[in-house]
Amino acid sequence: MLSYISGWMQLSEALAGCVRVVGAFAQRSLRHSLAAFRNGLHFLVLRSSTKILDSEAQPLDRIMDVFAEKECSPALNILNPTGGLEAPSIKWLIETSTDPEAFLAAASIIPQVEWPLDLDVSVMLHQLYDVFTCCVDIQKQVIPSLEEKASACMLALNHLYYGRVLQAYPAHSEFLDCERRDYEVFFQMMCMRAEHYTVVLATTCRLSLPEDDKHRLRSFPSDLKACPSSVFERLSHYLPYHFVTGRVNEDIETLAITVISKLLCPSSPSPQILASCTLLACVMVGVQFDKKDIVRIDKSSALNQLTESLLAKFQKVLWACDGGNLGKDSTGVTRRAWNLLDIICRILELTRRYYIPSFHTKRNLDVCMKIYSRARSSEQDDPSVSLAALQKVLPFTFAAAKVSRGPAQVWDRHQFWWKGNSPSSEDLDWLVECLDYISDDYETSYDILLLLGSMGVSCSPAKQYLFVERLIACMDSNMPVHLRHAALRAVHNARQQMASIDAIEDAKLRDTILTKLSPAILSVVGPRQSTTPVSDISNSFFEYYDRDLCYVQLIFALAKNSNWHPHLSGDHHIDRCISMIAECCESSLEHPFYIAGILLQIAPEQMSATSFASITDQQGWKMLRSAWSHVCHIIDDTHCFELLPVLAEGAKKYMQIASKFDLERLVKNVDRVLKTLERRGSEQGGRVVDAVKELRTAASDKLKSFGQ
């Protein structure tokens with residue numbers, strides 16, 4: 001009995017808000033219902049042999065007070081789950097209440113409540129159907145004055161029916177216990193076009209169709225765009241029942257894709273909506289769930305499990321599809337998963353914090369390679385089908401690995417692609433071929449360049465010329481900015497191979513790199529043309545911090561080979577680096593080190609007279625001072641470590657104009673470098689250590705001249 005009291009107290013809290021939705025008349029009626037419930041309970045207490053203490057009975061008096069307070073509070077949003085509201089309390093009210101308005105108030109919140117599958121709702125289904133029929137005239141139309149009651153009963157009946165079907169599955173029967181078949185009942189409701197819920201009832205018609213009559217209902221209402229978001233939210237809850245019970249056709253699949261797409265359109269859908277859409281996508285690709293998971297209204301607490309299950313299952317389906325050969329798909333799951341590619345990428349984008357990155361990047365890329373091979377195959381008459389699939393599977397590969405495709409993340413050095421053994425150069429050759437094959441597809445080209453720019457591995461020598469040609473084309477000033485940036489990142493990834501220009505045996509490739517690739521690189525980081533939109537003109541240091549760091553690291557690598565020096569000067573890379581000194585020395589630790597390394601490796605006579613003269617002693621000192629602040633951070637890079645003697649000589653040259661404060665900073669930074677070198681032992685090289693010690697001595701001597 002006390003459990004009924006507890007349940008009723010929760011029900012009264014919820015109904016205090018819900019009554020306003022079904023009408024002001026129910027608010028008055030519910031007070032009478034509460035009073036009737038209290039009198040009835042008092043009668044039960046008198047007949048019971050169990051004595052209830054006054055302290056246990058007091059909450060009954062407080063129920064009316066609480067409800068009175070709630071009358072003045074804002075109405076509850078009935079689209080939200082009712083939390084601890086117990087279904088048995090509503091069931092009890094529906095089955096025992098003789099007050100039609102209290103009945104209506106309870107019926108209105110049935111779709112917001114989680115109904116356990118072991119709770120018998122057969123009596124409720126029959127009662128709701130009877131009340132609904134009382135709202136219909138002899139012309140089989142809802143009586144205008146009873147539309148509110150008819151709508152509440154119809155939606156409540158619809159909601160409970162789904163649970164009843166799932167409870168009985170795999171058996172199938174008629175559950176409404178009336179003279180007509182379940183399908184005919186819901187079809188009649190659908191034809192009445194109750195507000196925007198026609199499409200909801202149409203899906204229920206599909207669910208209730210007899211096994212021997214699957215094709216009676218041929219199409220869905222087409223006015224989905226006019227439906228409010230609440231309709232799509234209801235559908236996201238109901239549609240999984242179709243896939244779990246196997247009562248699916250192409251219309252249901254299309255509707256499910258439409259529902260998920262609509263609900264995930266906002267940039268930040270609620271966790272509850274996100275979880276509902278993820279579960280729906282899961283069952284569409286064959287993930288198995290317990291029945292009780294399907295009936296849950298708020299599935300957000302299981303978002304981690306749902307997302308990881310979706311990713312794991314979808315990858316398995318993808319690997320088994322033989323590069324998009326859907327002819328082998330006997331279950332329809334593969335075709336369905338193929339159609340969900342865009343949606344799954346969107347789900348993974350929104351749930352990044354809920355799942356672990358995939359460890360199967362290579363297998364996902366193997367699928368991409370098979371799709372590309374199918375597009376190139378003579379057996380495929382229309383390659384556009386496979387290429388369209390590639391446009392979706394490549395982004396999925398990024399999403400599965402938790403690697404962002406956003407233009408702002410092009411320069412992110414902390415995005416990790418490969419888990420396990422790194423790919424070989426030959427593993428990436430097909431990407432270079434594909435880059436050439438889809439040259440007019442900028443977005444797929446962008447994805448491929450992102451891959452090639454972040455793998456840490458370049459293509460094999462056999463594909464280098466084609467690779468360089470495509471890089472030059474993608475850096476063209478007419479290309480989208482994000483594509484040009486991705487091409488620069490790919491060159492940066494291959495900078496050591498580019499630096500060893502004299503080791504390239506192909507004379508044509510060497511000439512192309514030196515005469516065409518070099519100026520193309522500068523065009524990406526150089527001043528904008530006047531035809532560029534105003535919003536894209538800004539070339540400030542902070543806006544392009546990562547891009548310019550990528551650039552100076554690339555030029556630093558090239559400057560180590562003297563064969564590059566005339567081209568770096570002639571193509572104005574040196575001028576570009578000098579122009580960056582003023583801002584970067586005040587704002588960065590990294591850029592000055594690489595710029596100093598570039599300028600100190602190139603002899604003055606190899607620079608233009610204008611370039612050399614433009615470097616003042618003050619700029620030179622600021623550059624070297626800032627560079628030594630960064631040495632400890634790059635000491636593990638062999639190419640940077642080998643430059644320390646040159647950097648030490650440069651600092652000794654320019655520190656003659658240094659202030660006492662600057663010298664003190666230099667000595668501290670050099671001491672940190674020496675301590676790091678001493679900890680790592682003699683393997684670092686005696687020449688480098690000696691050069692750093694000489695700089696330390698020179699700086700200390702210069703500091704003494706200021707007096708202690």
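Biologist: Does K402 count as buried or partly exposed, and at what relative accessibility?

Modeller: Bear in mind that this is a predicted model. K402 is placed in the loop between α18 and α19. Buried would need a relative accessible area under 20%, and exposed one over 50%. K402 therefore counts as partly exposed, at a relative accessibility of 22%.

Biologist: What is the phi of K402?

Modeller: Most residues other than glycine have a negative phi. K402 is not a glycine, yet its phi is positive, at about 60°.

Biologist: Which loop holds H572, and what is the phi of H572?

Modeller: H572 lies between α26 (565-570) and α27 (573-579), in the loop that links them. With a relative accessibility of 45%, H572 counts as partly exposed. H572 is a residue other than glycine with a positive phi, near 70°.

Biologist: What is the secondary structure of the chain, in helices and strands?

Modeller: The chain has 708 residues, of which 51% count as buried. Among its contacts between residues at least 6 apart in sequence, 76% join residues at least 24 apart. Its secondary structure comes to 35 helices and 0 strands.

Biologist: How are α17 and α18 oriented to each other?

Modeller: Helix α17 covers residues 361-376 and helix α18 residues 383-400, and their axes are 8 Å apart. The packing angle is about 170°. Angles over 145 degrees count as roughly antiparallel. The two helices, α17 and α18, are therefore roughly antiparallel.

Biologist: Which residues of α17 and α18 make that contact, and how do they divide by class?

Modeller: From α17 the contact takes T361, N364, L365, V367, C368, I371, R374 and A375. From α18 it takes P383, S386, L387, A389, L390, V393, L394, F396, T397 and A400. By class, the residues of the contact of α17 with α18 are 13 nonpolar, 4 polar and 1 charged.

Biologist: How are α7 and α10 oriented to each other?

Modeller: The axes of α7 (residues 147-168) and α10 come within 10 Å and cross at roughly 30°. An angle under 35 degrees counts as roughly parallel. So α7 is roughly parallel to α10.

Biologist: What is the handedness of that crossing, and which residues of α10 meet α7?

Modeller: The crossing of α7 past α10 is left-handed. On the α7 side the contact uses L155, N158, H159, Y162, G163, V165 and L166. By class, the contact of α7 with α10 has 7 nonpolar, 6 polar and 1 charged residues. The α10 residues are R234, H237, Y238, Y241, H242, V244 and T245.

Biologist: Is T245 buried or exposed, and which backbone oxygen does its side chain reach at 2.7 Å?

Modeller: T245 is placed in helix α10 (residues 229-245). With 10% relative accessibility, T245 counts as buried. The side chain of T245 reaches the backbone oxygen of H242 at 3.4 Å. At 2.7 Å, the side chain of T245 reaches the backbone oxygen of Y241.

Biologist: Which residues are in contact with T245, leaving aside neighbours within four places in sequence?

Modeller: Contact here requires heavy atoms within 4.5 Å. With neighbours within four places in sequence set aside, T245 is in contact with V165, L166, Y169 and L207.

Biologist: Which residues does a cis peptide bond join, and what is its omega?

Modeller: Most peptide bonds are trans. P170 is placed in the loop between α7 and α8. The cis bond joins Y169 and P170, with omega about 15°.

Biologist: What distance separates the C-alpha atoms of R181 and L209?

Modeller: R181 lies in the loop between α7 and α8 (182-191). R181 is partly exposed, with a relative accessible area of 35%. Along the chain R181 and L209 are 28 residues apart, and their C-alpha atoms are separated by 9.0 Å.

Biologist: How are α34 and α35 oriented to each other?

Modeller: Helix α34 (residues 660-680) and helix α35 (residues 686-704) pack with their axes 9 Å apart, at an angle of about 155°. The cut-off for roughly antiparallel is over 145 degrees, so α34 is roughly antiparallel to α35.

Notes. Residues numbered from 1 in each chain as written. Predicted model: local features only at pLDDT ≥ 70, side-chain atom pairs only at ≥ 80, totals over all residues. Heavy atoms only, no water. Axes fitted to C-alpha atoms, helices over the stretch in contact; angles between N-to-C directions. Helix = DSSP H or I, 4+ residues; strand = E, 2+ residues; numbered from the N terminus. Parallel < 35°, antiparallel > 145°, perpendicular 65-115°, else oblique. Nonpolar A, V, L, I, M, F, W, Y, C, P; charged D, E, K, R; others polar. Buried < 20%, exposed > 50% of the residue type's maximum accessible area, 1.4 Å probe, protein only. Polar contact = N/O pair within 3.5 Å; in protein donor to acceptor, adjacent residues only side chain to side chain. Left-handed = near helix turned anticlockwise from the far one by under 90°.
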